[in-house]
Amino acid sequence: MTYDAELDAKGLLCPLPVLKARKRLQALQSGQVLRMEADDPAAIVDVPHFCTEAGHELMDIADADTGQVYFIRKA
């Protein structure tokens, strides 16, 4: 999947992955995609909730060797 920006949130615990994603998304334009890697077990719940609340589209969640990869399209 193509993306416009990347965020490595591995090693960060709740709520830091979501806070970092919010900050990184602010720099993007509407419709651009952020690829974020996270290994916090809570991120699997927090990231979808954040996207719903903020109006962003969670395009995909994929398992990776180091955790999960999230693709978020900015609203």
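Let's start with aromatic pairs: a search of the whole structure turns up one. Here, rings of Phe, Tyr and Trp (its six-membered ring) pair if their centres lie within 6.5 Å, and planes under 30 degrees apart count as stacked, over 60 as edge-to-face and the rest as tilted. The partners are Tyr3 and Phe71, and their pair is tilted, with 6.2 Å centre to centre and 50° between the planes. Tyr3 sits in the segment before β1 (5-8) while Phe71 belongs to strand β4 (residues 67-73), so the pair ties together parts that are 68 residues apart in sequence.

Before going further, a word on what we are looking at. This is a predicted model, where local features need pLDDT of at least 70, side-chain atom pairs count only at pLDDT 80 or more, and totals for chains, interfaces and linings use all residues. Residues are numbered from 1 along each chain as its sequence is written, and side-chain values use heavy atoms, with hydrogens and water left out.

Tyr3 counts as partly exposed at 37% relative accessibility, whereas Phe71, at 8%, counts as buried.

Now the overall fold. The protein chain has two helices and four strands, and along the sequence they follow the pattern β-α-β-α-β-β. The radius of gyration of the protein chain is 11 Å, close to the 11 Å that the globule rule gives for 75 residues, so the chain is as compact as a globular protein of that length. That radius is taken over C-alpha atoms, and the globule rule is 2.2 Å times the number of residues to the power 0.38. As for the elements, helices (H or I, at least four residues) and strands (E, at least two) are DSSP runs, numbered from the N terminus. Along its principal axes, the C-alpha trace spans about 30 × 25 × 15 Å.

How much of the chain is buried? Of the 75 residues, 36% count as buried. And if you take contacts (heavy atoms within 4.5 Å), residues 24 or more positions apart account for 63% of those with a separation of 6 or more.

Let's stay with strand β4 and take Ile72, which lies in it. Ile72 counts as buried, at 0% relative accessibility. Not counting residues up to four places away in sequence, Ile72 touches Leu25, Gln32, Val33, Leu34, Val47, Cys51, His56, Glu57 and Leu58. From Ile72 to Ala21 there are 51 residues in sequence, yet C-alpha to C-alpha they are 9.1 Å apart in space.

Arg73 is also placed in strand β4, but Arg73 is partly exposed, with a relative accessible area of 29%. Leaving out residues up to four places away in sequence, Arg73 touches Gly31, Gln32, Val33, His56, Glu57 and Met59. Arg73 and Gln26 are 47 residues apart in sequence and 12 Å apart in space, C-alpha to C-alpha.

Over in strand β3 (residues 57-64) we find Ile61, which counts as partly exposed at 33% relative accessibility. Beyond its neighbours within four places in sequence, Ile61 is in contact with Ile44, Pro48, Gln68, Val69 and Tyr70.

One backbone detail I'd like you to look at: which peptide bond is cis? The bond from Cys14 to Pro15 is cis, with omega near 5°. Pro15 is found in the loop between β1 and α1 (16-26).

Last stop, the surface. The protein chain exposes about 4400 Å², and carbon and sulfur atoms supply 50% of it; these areas come from the Shrake-Rupley method with a 1.4 Å probe, and for residues only the protein chains shown count as cover.

Conventions: Buried < 20%, exposed > 50% of the residue type's maximum accessible area, 1.4 Å probe, protein only.
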